[in-house]
Each structure stands twice: as structure tokens, then as C-alpha cells.
Number of protein chains: 4
Amino acid sequence: MSKKKLLVATGGGDCPGLNAVIRGIVKRASAETDWEVWGSMEAFNGIMHEPLRLKRLDDAAVAGIHVRGGTIIQTTNKGNPMKYPERQADGSTRETNRIPWLAGRMKELGFEAVVNIGGDGSQAISQALFEAGMPVVGVPKTIDNDLGSTDFTFGFQTAVQTASDAFDRLVTTADSHHRVMIMEVMGRDAGWIALYTAISGGAEVCLIPEIPYDINIVADRIRERYDDGRGFVNIVVAEGAFAKEGSVTAGKGEEGRHAVRLGGVAYTLSQQLRDAGIEADIRETVLGHVQRGGTPVAYDRVLASVFGVQAFEAVLNGNFGTLIVLKENKFTTVPIPEALSEYNYVKPGGDLVKAAKGLGISFGD
Amino acid sequence: MSKKKLLVATGGGDCPGLNAVIRGIVKRASAETDWEVWGSMEAFNGIMHEPLRLKRLDDAAVAGIHVRGGTIIQTTNKGNPMKYPERQADGSTRETNRIPWLAGRMKELGFEAVVNIGGDGSQAISQALFEAGMPVVGVPKTIDNDLGSTDFTFGFQTAVQTASDAFDRLVTTADSHHRVMIMEVMGRDAGWIALYTAISGGAEVCLIPEIPYDINIVADRIRERYDDGRGFVNIVVAEGAFAKEGSVTAGKGEEGRHAVRLGGVAYTLSQQLRDAGIEADIRETVLGHVQRGGTPVAYDRVLASVFGVQAFEAVLNGNFGTLIVLKENKFTTVPIPEALSEYNYVKPGGDLVKAAKGLGISFGD
Amino acid sequence: MSKKKLLVATGGGDCPGLNAVIRGIVKRASAETDWEVWGSMEAFNGIMHEPLRLKRLDDAAVAGIHVRGGTIIQTTNKGNPMKYPERQADGSTRETNRIPWLAGRMKELGFEAVVNIGGDGSQAISQALFEAGMPVVGVPKTIDNDLGSTDFTFGFQTAVQTASDAFDRLVTTADSHHRVMIMEVMGRDAGWIALYTAISGGAEVCLIPEIPYDINIVADRIRERYDDGRGFVNIVVAEGAFAKEGSVTAGKGEEGRHAVRLGGVAYTLSQQLRDAGIEADIRETVLGHVQRGGTPVAYDRVLASVFGVQAFEAVLNGNFGTLIVLKENKFTTVPIPEALSEYNYVKPGGDLVKAAKGLGISFGD
Amino acid sequence: MSKKKLLVATGGGDCPGLNAVIRGIVKRASAETDWEVWGSMEAFNGIMHEPLRLKRLDDAAVAGIHVRGGTIIQTTNKGNPMKYPERQADGSTRETNRIPWLAGRMKELGFEAVVNIGGDGSQAISQALFEAGMPVVGVPKTIDNDLGSTDFTFGFQTAVQTASDAFDRLVTTADSHHRVMIMEVMGRDAGWIALYTAISGGAEVCLIPEIPYDINIVADRIRERYDDGRGFVNIVVAEGAFAKEGSVTAGKGEEGRHAVRLGGVAYTLSQQLRDAGIEADIRETVLGHVQRGGTPVAYDRVLASVFGVQAFEAVLNGNFGTLIVLKENKFTTVPIPEALSEYNYVKPGGDLVKAAKGLGISFGD
């Protein structure tokens, strides 16, 4: 008897815990003898083209993968089927909505349901596929913790731990040398990684996109530390942080944009601080994609594994068009459109920023 | 002008994050120029006897302590003031309630409020002091995550991470040698550390106090793994786990009790498995207090730091007789008696155990 | 044209870095287009029986394995071909030397050379095979660092790091509670892991097989620490450590042997200390096989990778009957019999023990 | 009776293990009741000016410091007494040799001997002080492992481990996304950290100052990986690596120098690769001073602790004008001038580079 086929895909930026979600789905599915699970390589690109790139996901395929970073079915930011780049007769390229075709193709290939693991962009695709008649369950993924409908997503605590470990190392050497250390972490729009890292590590300054900073306030905080005899400062800066209008010269104009393009916000901030009169040695660290890879922390492995199991149960229960979430510390599901409507920015007046300020962390505001 | 004095104490078993709570209180307090913070050494023992053992806690005293395990004001399980051992005239010892005396002594020494960081036993003391007229704020602490009134307490994720890291190491060597590995973790009454570790690590078997195990079911799970050609098994067992009535011989009678006393449940289980016919090599690991010490993971440092800040704010706001908690992912306070009334056991039919079973983990039931 | 075939095997106890050696051999071999590499599963057991269990080792097979513990071709302590258990006509079992047969079988299967990765026992087999006419290169492996002919072997620093990390966690909680912590580490005959861990961690006491301890000297060291107001003690004990004749009662007789059998030397020592009058709380940790698994530290990955490359080069150069070693910080080879003749015990009067004593570590002597 | 006084100083760049050396000296000295140890803050700056900044180093001062990065007596690259910047009457500054004055001042303050922990520059000062009549013992320190007279120095393995851990995280995400990852590590003149990290992590490309690279060879190596279907590349680049004359355009001229100044070699290399036709996504990580801080690995703690003990023993034995080293895996001493004469570059034809090439690592040559 032929089995029911489930398709699994991972889309968007890499995130520790993706493999644990995949394993959770497969382990749970293997208890149901009438199902089999397939992975589409590189998000849905694996079925957008011939030859198909599908991978059979059984217990052997997922053995031990929960401890590894990355995703065994790979991921990509390219090839969004909602805006698929199609070559035209005249040689130009036009973005086309390939969703209806894709939903049809999935059914043609015998897939009864899809679990799509990914962020905002991926879940918009989930919803479009669902509206096109494909039964879809979404699993939220965002290293930045910027999804309003879930307390946390997997990968975030791992990114914070990686950044916090690096920060700990910087603190001891900042102290020995009376230096200013700037550590740039991920967070283009949401500053959660920076905020958690700053609290965990005990930073003096934390700069995030949600709170534009006044460079003179930052410089004053630094001088205050040097005056009180402690003589070292550790700064966490999110890649998307920026100075208030009018408070800086560096990082502006052509040279400034060049600096940002070449070396990121850490180098720009460094220059701004020198411009603002800071004479202490300043050193920069840019963690980059180190935050997106590697073995997930236990918290994320548990969260991701449970998400995986529950995603398959949502499939069994026919609970489609929904996202698996942890809401107010309970595992549940929410309709995808509801989930997509809330973006989770750091609230400048929220509990965590207030607590951070209580710990002596300056946001430059 | 004399300052208002706050007393801080840590009681009960050690837990990663205690220092971060202390630092949170002190950093937040140092923004209020009319307060100063003092620590009582070894819970309230520091003021039960002469000479007093009090430690001034200012910014310098707490610099960098959030990254360290332990507590700079030490802790103890001994000297509960509710049942204080008093030497009698006839040489015998009698347990006396010294709470009223202690509350009076605190006021005599000029303390306006107390923040008491500790578990069930410590918070019962908090409530008794509060009822005796002392303004008290409690901060919950339990490595076992067994407190019903808060989603998590600090220290738990660190214990899980430590156990999960050790487990990862065992998996690779179990695989190379076709062995059965038994890892004993903390949890006398509640099996949370074992459950999280088993999910995080991908165990085959997880034995916890809330679900008495049938040794034959465990042995069958092991045999099944050897039959399917994978040939190795990893077991996580909570120190309080025990076999169902009638399912074992080892660990019973004098010899059994001896084994448990000498070597803990890991060794008992090992013997039970051999008695149940398992012929594969079995090896034991007993993590012990490694789980209670060391630098906290970032998650716990953030939780503990915020708890500390909020404890001082509860003092400022006169919100006494309460416990600082994270409830449904929000920081808030609950009255101490309400908090003490809920013990947080692992629910055998709860989401997490169901998910664990979905991942193929046997609980021997 | 048929290729030259190299056989690789791993034997004896598991050790972090085995996979890196295998990868080193294979990566280096893949530059020689006329060679191919095969692994025999579970030491030479893979070719001792039908069906053969051989695994083709090419670049794809070894991709990424250097970061993982264990060995992808598995290992065992059973089935030594020098003393192979053969069922006799009368139903009894007799140990037979199967080396000549094995060497013949290897040639029959077309293997031109063998790289055998393993400890003392395995290298005795290497030498026997070499004497029987099979070209063999040995790669030394011992978690215990007990091989005299090489400065270090891979795996040792990983075991020390794992033990040292656990020790760090114990120190903070020993301090907070004024406790005595006993941590048992590997080392049945050689105390290197215990010695390095004690120095790295800053232990007060280190007990090793090479220096039988007087329990009263150990107890005095503990009392001295409690007297000087520090009030906590951390002990590292090698599994093979034992008390001097006449200095203890616990751990002797039937009950003592029972304790050792059930719970290891940590529990025995704990009882001995109580018998010697120590009243402080004592807690035990038994790391067990956690020390043998998991990702190797960078030092070991480099050492193991280079050993692997050099083993293949020894094959290319016809440098057979030798062991790859790091001698006086230089990579070189030594004849196997010479290597086997030196056992590397900790020298009680050597530089490292003297330095440890200089750091205030007592060996109970 | 007044005690003999020993002065200890740490100079130059920070390095994990400095505190363990200090602790080793102090612990060993505390067994000699007629000695006491003092630290000069920030190298010899602590005694170059009034008020003196000297710190009494006794057992309490060094308790637990061996697990922490940094140095409790701080360090600096500024204020070299051999070229001391003196303000002149006309307002200008002139570099003066203050060594004779410093040696005299040390004696005046009652110091009988000095242990100076530092790199090339610091040991040149040690030698100058020794020639000026001050009994000095040197302890070598270099994160870069660039000192020819010792097999290893403490801190190096920690830097490699930190880099290797970060590298592991990059590999998994490079794989999931088919990306080129560039990780910049320390090493201005010597490429040891890059070389060890590349071997430990399994890099495809390693660029070091000792082997100028041809960008087209690097690009070819990348293309080869994409062609063979593996599709991801991890590059380790030492901060001092540079392209062969004529092989690049980026990183040259004003814009290039600007890039290097702002963002380091990782960003320059990234641009060079794009110029050389690499179309894959490239991402950069700059670890920076994360490599210099934090808790040392066990290997370094042992090495540093033993160096510390032996430094004090050299003082006791009157073995002055020497450096404590590990030479051919033996602890010994060498005269300082001999030690300074050998700079330890990576040898392009040495064992380690050959092994790395055997593992498939390209150096762009």
C-alpha cells in the first residue's frame, strides 16, 4: 500500500535547531506506519526545477542530527516562489507568482501535506500555498526573536550564548588593558540578541536599532567609567544600530557608507567615538555568522524538537494553515496570518530594557 | 544622613545564577542614593550569632560576579530559624521557632527590608518573617524547576546544559563501542533535568520519579535497539527514579540499599539491567554537583539579573510578602503563600512527556 | 587499473581524535590516485568473520568527521587475534593465535598495507602482523597518556579539558557550601589525567595510582583548609588510586570491594574520609566515559590529523613496523617494539608532581 | 624579621594564562616563609611614577585567579622604560633609557629579584635590567607562539581553541547556504593561530603572513569545491596575510588601505575574491580580541602554572638572566639573549604546513 507523503522544507537564514525540528518531525512520523517524510532541498527550490532534489527522511537519515548546526536539507534566501525570477522571451527577467503552479506540483508528486520551517518570508509562502489549496503547517524560525506570536523561537538562545561567551572573553582583556571593546552582533531590525547579550555579559553600553543613540551620551558613559577608576568599557552593538540624526559625522556621506559596507557598524562606531573625543584604545569584534551555526544550546534543542513533534501532530490532526508556537509558555498553534501580523521589536520602555538600565547599561538615549 | 539598609540572603542548595541576582539587586540599588545593601553570610546564619557576619554589597563587591557560579554570601541547608536547634539546660537539643527573635534583630540592626533568595524552605522562612512584621521580598531558586508559580527559575537551564554536554560526549562513545550508557542527573522528586536532558541529547530511555519504571520494559527497549542494528543505548536517570513495585530484585533489601547509598541510582539500575538479562557492556556516569556549579548559561544570567533588579524595585514599591516570578513569559510577582502551594512535578501526560515519547524516548511505562 | 588498497582499523577503548586520524589518512591518500582506503569495522573483527564488514573510506565518507568523537569504523576490546577464542570440538573454547591466518587473509583480500590505530594491545597485534609479513604502520592511542615513546597522544588533552571543566563547576559550589568535593577521573594505572586536572583546576588533593596515599595525611590537608578559614576542598582521584597498606579500613574486605565494584573509588574515598574523622559534607562525581567521547579539543584534532597524514606517508615511504609519534615536540617514527617497551607512569619525583606540590596540591604522601 | 621581596610584572598584549603564572609564583613562594611577592601594576609603570602602584600578592590575592583571563596586575604596551617618553624643558618629548634608574629604584624599594612575564619587548627589558644589575627571571608570553626558544607558550592553545570553536560554527552554516566564510584571526607576523585553526577546523584555505597568496589560486580552490558538488568553503586568514605582488587590485591604493584600516584583512580578501570572479555569497567574521581573553584551556593552565612555579624556583636558585621554557617537551631555562635571537615563523616547508596540504588545505601558493 502506498504511503502518505509529507514534504518538509527549510527556508531563509540558517539557524541552530533546524535539524532538531526535522528530526522531531521524522521521529514522530515514524510511529505512524502509513506516512513517509521527504525533504525538499534548499527550501522549495528542490521541486521548482528538474531534476527534482528530494531527500527521503527516515530514522537513519536523522540519527544524531539534532546536535548539529545547519540543516541537512539546506536552506536559501533565493528563489521565493511568490516572486520567482522568470526569464522572458526578450531576455529580461520578470518576477512571477509561481505559488499556484507549486501547489499543483506538490499534489502531482503525491504530497498530502507540507511542513515549512522558516521566518516571515517563508511563512508568507506557507500562507499562499495554503490559500492555493495545499495543507501546510508552519514552524517559525528567526535567529532574531522578532516574531510576535511566540515567546521564543529556537536558535535565538544559541546565538545569545555564542555572543555572550565571546563577550566574556572580551571583558577580561578589556579590564587588563583599560580598553574599549566593541562587539557587533546580529540584529538588523530587532535588537534582541544585543539586549540579551548585554544583560548576560554585563555590558556598559548596548546599542540597538529600536533606540537610535546619541554618540555624546555614549562617550559620556565611557568617560564616566574611566573617571571612576574602573577604566574599561564593553559595548554590544546590533548590526542595525544607528546614531540619532545630527549626533555624528562618521558613518555619514560616501566615506561613512563605505565604512559600513566594508566593515560593519562596529568600525563605524569606533570612528564615531574617536571623533567624539574618546582617547582610550578601541578594539572591534564582528561575530558574523558564527551566531547562526554550530550545535544548539539545550534550550533550543528542546524547543526545536518539541516544535517538530507538534508540527507532525498538527498534520495528523488536520490543523493546517497554522504556525506552531510557544505562547505564554504553552505550546499551541496560531493561524499564520495572525502570526505574521505582529513584529516583535524590543520595546524601549519594556521590562527588559528597564531592567537593563537598572543594571547600569546605557542605550545612548 | 544615614541610609536605608537592605539585607540580602541566599539559602538552600547552590544554584548557578545566585550571584547574578545579587548583582542585579546591588546595581539597581546603587542608583538610589539613599539605600545601601548588606549580605548575611550563609543564609540568615550571618545574623543568628555573634559575631555578626555581614558583608557590605556595593558596586565594587559585585563587579563581574554574574559570570561565576556559587554565591559570594554563601549558602547552607543548615540553621533553619523556624526550627532552630537550641541547646537546653539538660544538654539536649530542641528545635525552636526563632523567627520572631530574628525579625526583631533585623529591625534592631536597622534593616528596612529583606530580599531572600532561595527555594521552598527559604520562602517559608520569608513568609514567616513577613508575618512577623519584617518587609520581605522573595526570589525563587530551585535547580530542579519544581516551583509551580514560575515558568522557570535561574540555574535550571544551566544544569540541563551541563548534563546535555556530558550526554553528547557519552553518545559518541556508546556508538563506537555498542554500549549502554547510564547517566545519573539531579532530581530527587521532580524529573525536569532528566526530561530536558533526554530530549536535548536524544536519549533512548529517561527514568524520572514521577513515572516508576518497569525494568522489563526498559530492557525490551534496549534489546530493540540492539536488534535494529544500531546497537547502543543512552539512558538518563534522575537520582529519585525508582522501579515499580515487583519489577526488580536489585536495589532491594540490604545489599540494594547499600548500593544506592554508596553509588546512587545509576549503579542500581545497571545491576537491575544485568539481572533483566542485558548482556551488553554498561557504563555509569554520576554528574553530581557539577550540575549546581559553574558559570550560568546566558538564559539564566538574564533571568537572574532581571529577577534581581525587580526584587529591588519591589522593595522600592513596598510590594512585600511576594515572590518575583516569570509567569506565562511575563515578569510579575505573586504572594508567597500562593507560590508555595504549587509544586511543579513533571506531568506524565503533559506536552513535554508526550513530545519526548514522540521522539522515541521510553520512560519504562 | 586496479588500485592499491590500504586497510585501516581502530582498536581498544574509545578516544577523542580517532576520526581525525582516519580523516587525515584518507585526505592524504586521496591525493595519490593509485590508492584506495578501506576500514575494518570493530578493529580487525571486520575481517575475522564472514560476512566481511569493510567500509570504503573516501573523501565523502570522512567529510566533517574530525569534529566528532568516536570512530566511524567502531572499536572494541574484544576479539584479539593473538588470543582468539576458538570453539573446540569438545565444546570448550581455546585461545588461538590467529595472526598468521589474519596476515594471509589481508593479502588475499588485496591489502598492500595496514594502518592500525590503537593502544598497547593493538600495537602488539601490529607488531605480530608485521612479523608475519604484513606491512603495518601503527598510530598510538591512549586516553591515559601512558605511552613512553610519544610526548602526547591525541585524546588526552580532551579528557583533561572535560575533567577540568567539570572541576571548575565543582569548585564554585564547594566554596558556597563549605564542602569537600571528590571527582573521580580515568586512570587505572597511570594518573596523568588526574594530575593535569588537579593542576589545571587548582585542586587541594590529587590521588593517583603511582603514589599510594595515607588517608590521615589527606584528612589533615582537609582540616588545615577548614582551619585557615577557606573552608572547602576539591579532590581529584584517579580510578586506580589506592590507600597505603594499613592506613584505611573502608574499601577493605567484602564490603569495601562491594563499594568499589558498585560505585568506584570516589565512594570508597568518601567513606575513608568519614572514618578518618572528616565531618564536613562530602559529595561525589564520577565522570566515567564522558572523558572518552565528544568533540576533541583543537590540540588533539591537530595532533590526530597530522598523525593521520604521516601514517599514510609512512605507508608511501615503506616505513613499516613503526609507530607515528611526537617525540620531543617533533613528528617522527619509532620501531614498534621500542615504543612498546616504555610505559609512561607519572614519576613521583618528576617535574610535574614537583610543580603540583609547589602549587599546594597534596598527594597524600 | 623583614622578608625578601620579589617583584612581578606582566607586560605587552593580554594572553590567557597570565593569572595562572602569577598564581604559580605566589603559591610556590608562600611555602618559603622568608619571601613575599609584590606586583607592579601595568608592567613596570607601577614603579615608574609616584604614587607607586604596587599590589601585595599573597595566597588570598591569587585564590581562583588561574581560571580567569587577563592579569590581576594589568598589562600595557605603553611606557617602555628603554625608550621612556620624557617631557623636555622646551615642551617636546624625547625617548630616554630609564633602565639604570629603574634597576636602582627597584633596589631602593627593597626588591631582591624580579619575575617579568611578557613577550619579546618585555624580555628585552628583562635583559637590560639584568645587565643593569637587577636579578631577573623572564617568563615568555606570546599569543602568537612566535618565540623560537620554547615549544609552546601559554595562551596560544586557548586562542586556537576559541578560533576553532568559532570556525566549527561557521562550517555548519556555510554548508547549509553554500557560502564562502572568511574568518580573520590574530597573527600579524606569524601565522600559527591560523594554521592550527585551519587544521583543527578542516578549512579549505589558510592564508598566513609567511606565504603570500596568489588570489587566483585561492579562487580556483573555491571554484573546485563548488564544482565537486560540495559547494561551500571556509577560509582562515591571519590578520597579517597579504597577496603576492601583482595578483590583486583590491586592498591596493587609497580605497584598499581604507578598507584594511576600517575592516581588516577579512574584508579586503572578500573584495579580492569578488574581483577574481567568485560569485558565491561571502561572509566575514573578525574574532579580534576574543582570542586574547577568557578562561584558558586546561593545557595552558598547566603550562602557565608550571612556568610560575619554576620561575620562583629559578629565583631561589639564583638562576637569573634566564627565561623559563618548555624545550623539546622538557621544562628548562635558557639565557634571555639566546631566547630573543630566534623568531618562530611558520616554515612554509615544515611538517605542519606539509600535513595541512596533505589534508587538502590550500595556502594560495
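Mentor: Gladly, and one term comes first: two strands pair if DSSP finds at least two bridges between them. Strands (E, at least two residues) and helices (H or I, at least four) are DSSP runs, numbered from the N terminus. This is a predicted model, so local features need pLDDT of at least 70 and side-chain atom pairs count only at pLDDT 80 or more, while totals for chains, interfaces and linings use all residues. Residues are numbered from 1 along each chain as its sequence is written, and chains are lettered from A and ligands numbered from 1 in the order in which they are written.

C:Val8 stands opposite C:Val115, which belongs to strand 6 of chain C. Strand 1 (residues 4–10) of chain C runs parallel to strand 6 (residues 111–118) of chain C, and six bridges join them.

Now step back to the sheet. In chain C, seven strands form an open sheet with mixed pairing, and their order is 3-2-1-6-7-12-13. At the edges are strand 3 (54–57) and strand 13 (330–335) of chain C, each pairing on one side only. From one strand to the next, the twist averages 30 degrees. Angles here run from 0 to 180 degrees between N-to-C directions, and axes are lines fitted to C-alpha atoms, for helices over the stretch in contact. With that in hand, look at helix 5 (residues 120–131) of chain C, which lies across strand 6, strand 7 (136–140) and strand 12 (322–327) of chain C. Helix 5 runs at about 160 degrees to strand 6 of chain C.

Next, follow chain C out to chain D. Helix 12 (residues 351–358) of chain C packs on helix 10 (residues 298–316) of chain D, with an angle of about 80 degrees and 9 Å between their axes. Helix 12 of chain C is therefore roughly perpendicular to helix 10 of chain D (that word covers 65 to 115 degrees; under 35 is roughly parallel, over 145 roughly antiparallel, and the rest oblique). C:Leu352, C:Ala355 and C:Gly358 make this contact from helix 12 of chain C, while D:Ser305, D:Val306, D:Val309 and D:Gln310 make it from helix 10 of chain D. Contact means that the C-beta atoms of two residues, placed from the backbone, lie within 7 Å. By class, this helix pair brings together four nonpolar, three polar and no charged residues. Ala, Val, Leu, Ile, Met, Phe, Trp, Tyr, Cys and Pro count as nonpolar, Asp, Glu, Lys and Arg as charged, and the others, Gly among them, as polar.

Chain C also meets chain B, in a contact that takes 36 residues from chain B and 36 residues from chain C. On the chain B side, helix 6 (156–177), helix 9 (253–275) and strand 11 (282–286) each supply at least two residues. Helix 6 of chain B gives the most, with eleven residues. The chain B side divides into ten nonpolar, 18 polar and eight charged residues.

How do these two chains relate? The same surface serves both copies, as 100% of the contact residues of chain B recur in chain C.

Finally, chain A and chain C share no contact, and their closest C-alpha atoms lie 10 Å apart.
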